[in-house]
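Welcome, and thank you for joining this tour.

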Amino acid sequence: MNLIKDKGFEFKFFHEKSDEHTKAIYLRHDIDFSLEDAFQIASVEKELNIKSTYFIMLSSNSYNPLNQINKELIRKIIDLGHEISLHFDPNSYDDFTEGFNIEKIIFENSFKSSIKVVSLHRPGVFLNSEYRNTSLGGHMHTYQDMFFNKMEYFSDSRGVDVREILNSSKLSDLKKDLHLLIHPIWWTKKSRNPKERLILWLNEYSSFLLSETKKNCKVFGV
């Protein structure tokens with residue numbers, strides 16, 4: 001991130017317009033697995049004087065953003081100067097418009113934070129030109145042309161090391177604003193490869209589930 005700053009990029013939130021005289025970077029974190037990992041990244045970014053947007057998934061099978069511990073982590077991320085918004089999976093619903101409207105109400109009521117832009121999980125049909133610029137309940141999403149085709153887009157999806165892509169030479173050659181997607185889970189665990197990082201997370205999650213089961217079900221500890 002320091003290299004990006006050194007190249008003159010200014011970190012912006014997705015609802016902020018870029019300055020034609022300054023290169024902008026729109027940094028986003030899709031939280032698919034762990035709010036603890038997200039908070040670690042948010043803390044590092046605070047130290048680096050970087051701001052970014054953390055997208056929280058209400059339909060996640062890996063974490064519950066509405067429990068007390070995770071809501072506190074989300075509050076801490078906001079207090080570090082970052083923004084939060086909705087990481088929405090349209091594939092979770094037969095009618096994704098109805099599903100989005102439900103999640104919007106839950107999200108905004110739970111976190112007292114309005115949705116300014118939506119990050120799509122498994123975007124599927126939204127990547128097709130016919131649907132790409134379709135809004136969700138009047139909200140922008142991160143695969144619309146303004147963020148996807150009119151910017152340079154890079155992602156660490158599947159554990160790709162974006163540091164190898166965003167080297168000094170590449171950054172110097174960029175003519176557009178930069179849209180960078182980082183998944184916290186790929187950056188908080190030391191390992192040889194993405195699969196090993198997922199195994200480490202699964203081991204941690206398994207320990208957490210055992211602890212919670214003992215805490216909430218006395219017969220488990222017998």
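## First stop: T53

Select T53, which counts as buried at 2% relative accessibility. Here buried means under 20% relative accessible area, exposed means over 50%, and partly exposed lies in between, with a 1.4 Å probe and protein chains only. T53 sits in strand 3. Helices (H or I, at least four residues) and strands (E, at least two) are DSSP runs, numbered from the N terminus.

Before you go on, two notes on what you see. This is a predicted model, in which local features need pLDDT of at least 70 and side-chain atom pairs count only at pLDDT 80 or more, while totals for chains, interfaces and linings use all residues. Residues are numbered from 1 along each chain as its sequence is written, and side-chain values use heavy atoms, with hydrogens and water left out.

Now show the surroundings of T53. Which residues does T53 touch, not counting those up to four places away in sequence? They are F13, F14, L27, R28, H29, E83, I84 and S85. A contact here means heavy atoms within 4.5 Å.

## Second stop: the rings around F14

One of those neighbours of T53, F14, is your next selection. A search of the whole structure finds 10 aromatic pairs. Rings of Phe, Tyr and Trp (its six-membered ring) pair if their centres lie within 6.5 Å; planes under 30 degrees apart count as stacked, over 60 as edge-to-face and the rest as tilted.

Are F14 and Y26 buried or exposed? Both are buried.

The relative accessibility is 4% for F14 and 0% for F55. Finally, bring in F147: ring pairs link F14, Y26, F55 and F147 into a cluster.

Most residues other than glycine have a negative phi. Select K112, which is not a glycine and yet has a positive phi of about 50°. Look for K112 in the loop between helix 4 (96-111) and strand 5 (117-120). K112 is exposed, with a relative accessible area of 69%.

Then move to R122, also not a glycine, with a positive phi of about 50°. R122 lies in the loop between strand 5 and strand 6 (140-141), and at 47% relative accessibility R122 counts as partly exposed.

## Last stop: the whole chain

Zoom out and colour by secondary structure: the chain has eight helices and eight strands. Its radius of gyration is 18 Å, close to the 17 Å that the globule rule gives for 222 residues, so the chain is as compact as a globular protein of that length. That radius is taken over C-alpha atoms, and the rule is 2.2 Å times the number of residues to the power 0.38. Along the principal axes, the C-alpha atoms fill a box of roughly 65 × 40 × 30 Å. Of the 222 residues, 41% count as buried.
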